[in-house]
Amino acid sequence: MPEDPRSSYSYFTDPAPVRITVPTGWWRLLPTTGADGARDVTAQLVRWPGETSTPAVIVTVARLSLWELEQTLRFPFPRAVHTTFAASPRRDALVFPGPSGGWQVAHGQLLLDVGLDQDERPWRASRVDLTGREPATYGRLLHTDPPLRTWQRDLYQVDVVGAGTDDGVYGSRHDGSRHNLTYRVWLGGDVVFAGDDVMIPAGWDPRSDDAVREVIGQVIYQQWDRRELSFAQQSFLDVHRERLALESVGLPPPYPAGTRVRVDSPGGMTATGTIRRPVVRGGRTTGYLWRPDVADLPGHPGHGHPGYLLRADAAQVRATLEGKDTAVDGPDGPMIIAFGATVAAVDDPRFARGKVLRALDEEGRLAYDIQPDDDLRACHRLHADDVIPLTGTAWPTVDRLLQARDAAHVPLIAGEILVTVREIAVMPAVDPPVANALVRHGLLSPDRVLDLSSARACGEIATWLIVRIGSG
């Protein structure tokens, strides 16, 4: 990205209640009065001034709400932006003039129709200035308030952003029997649809599969006035409507190969995965061979072996829209991730994604050494709250983890914390830091998919059967 001249006098003296920097300039958002007298939102993209020039307005766009503006600009606004905007009075007098001239106006409209360039969109390190708040980064604000539920499949993503509350920001309408959802529907990283007009029964969990399907149904089955749709929205409905419907449909059993499923184990644990093939006896589907999601994690017996499958009785299996279990979320997710896990940077400008080399205690704070995906020679140390875990690991023991690290030439250092499925170890301040100096403690591992030794110990291996197919 080009250098972001945040010291620009024009930026810091801009009185707009919402300002978001982008490489080419900054977006300023203002509550304004629409043609019908109602409150709307005006957004303007202003180019950074040169040494001898003044700021120039590249685009001015007015929409009825921030949700409609997200659809137009195709990037999301963090909850803090919605909150600040809702509390801000109308600022019609602060709208900058421009763009002026036929060519400049046409150019601005073309950007909205075709899509903004990357240097006209915020990225994780973009500065966000909101009235009454300390400056923050775009990535940090998005990370602080994630959606209630996210569903992803190929290029599609559906976010249930919020549910019926009285805060006037994310879901404000409910009538006792129903409440509304705020949502976003994405295609390949672009927001295509966003709004607050999906209503669900009050008894529904807004994080449920049913809530996700209700959002999808609102978008693909609504009788749209095509004159009110953007080119991107029309194209989405024309090209992707049927496929999105098929991807999200709730299938009845028996389930075909490729179905995403949730599987219940006899001990009360559940796991998600993908069906590889049904088990049919006497013309009836009695079970399924399926691959658990965690089998793809480093350290798991199934890692690198596509033919590693488990067997489950049909009564234990049900279809789901849940995303892939990467062993980093939920109540069973680890507090500390280990070598081989992958992370994204919250707002570090140096890299977007990387691999964890080690976890360590840095003066009382948990930190990670990260190897960026785009520069394997680099290593950046970030505190735990500066990274977003993407995928975890399933190393069974500390010794197995150390073997993998030795192969990757990642030595031990003082202060390290090594967490595996069955053990945790800490490296004290000794010289040299060697494996024999590790202080180890055993852990109870109840996860029968992540750690098959617990299944064997409970005598459940007859149900959770390892199946090898071909040479996998």
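**Entry 1: around Glu120**

I began with a contact at Asp117, whose backbone nitrogen lies 2.9 Å from a polar atom of the side chain of Glu120. I note at the outset that I am reading a predicted model. I then placed Glu120 in the loop between H4 and strand E5, which covers residues 127–130. When I looked for a charged partner, I found that Glu120 is buried yet has no salt bridge, and that the nearest side chain of opposite charge, Arg47, is 6.3 Å away. The cut-off for a salt bridge is a nitrogen-to-oxygen distance within 4 Å.

**Entry 2: helix H2**

I looked up H2 next and found 7 of its 8 residues buried, so this helix is largely enclosed by the rest of the structure. Among the buried residues I listed Leu66, Trp67, Glu70 and Gln71. After the helix comes Arg74, for which I noted a positive phi, near 70°.

**Entry 3: the second largest pocket**

I turned to the second largest pocket, which has a volume of about 620 Å³. It is lined by 25 residues, and those closest to its centre are Glu68, Gln71, Trp224, Glu228 and Gln233. The elements that give two or more residues to this lining are H2 (66–73), H4 (102–114), strand E10 (190–201) and H7 (231–248). Of these I marked E10, which gives the most, with 5 residues. By type, I recorded the lining as 8 nonpolar, 8 polar and 9 charged residues.

**Entry 4: salt bridges**

How many salt bridges does the structure hold? I found 29 of them, and I looked at a few in turn.

In one, the side chains of Arg28 and Asp14 meet at 2.8 Å, N to O. Because Arg28 lies in strand E2 (25–33) and Asp14 in the loop between H1 (9–12) and E1 (18–22), the pair ties together parts that are 14 residues apart in sequence. Arg28 counts as buried at 0% relative accessibility, and Asp14 also counts as buried, at 4%.

In another, Asp296 pairs with Arg291, the closest N and O atoms being 2.8 Å apart. Here Asp296 is partly exposed at 33% relative accessibility, whereas Arg291 is buried at 8%.

For the salt bridge between Arg377 and Asp375 I noted 3.8 Å, N to O. Arg377 is exposed at 81% relative accessibility, while Asp375 is partly exposed at 30%.

Last, I noted a network of salt bridges that links Arg358, Glu362, Asp369, Arg381, Arg405 and Glu416.

Technical notes
Residues are numbered from 1 along each chain as its sequence is written. This is a predicted model: local features need pLDDT of at least 70, side-chain atom pairs count only at pLDDT 80 or more; totals for chains, interfaces and linings use all residues. Side-chain values use heavy atoms; hydrogens and water are left out. On a 1 Å grid over the protein atoms alone, a cavity is a set of points where a 1.4 Å probe fits but cannot get out, and a pocket is an open set with protein on both sides within 12 Å along at least five of seven lines; lining residues have an atom within 4 Å of a point. Grid points are joined across faces, edges and corners, and a volume is the space filled by probe spheres set on the points. Helices (H or I, at least four residues) and strands (E, at least two) are DSSP runs, numbered from the N terminus. Ala, Val, Leu, Ile, Met, Phe, Trp, Tyr, Cys and Pro count as nonpolar, Asp, Glu, Lys and Arg as charged, and the others, Gly among them, as polar. Buried means under 20% relative accessible area, exposed over 50%, partly exposed in between (1.4 Å probe, protein chains only). Lys and Arg count as positive and Asp and Glu as negative; His and the chain ends are not counted. A polar contact is a pair of N or O atoms within 3.5 Å; within protein, one must be able to donate a hydrogen and the other to accept it, and residues adjacent in sequence count only if both atoms are side-chain atoms.
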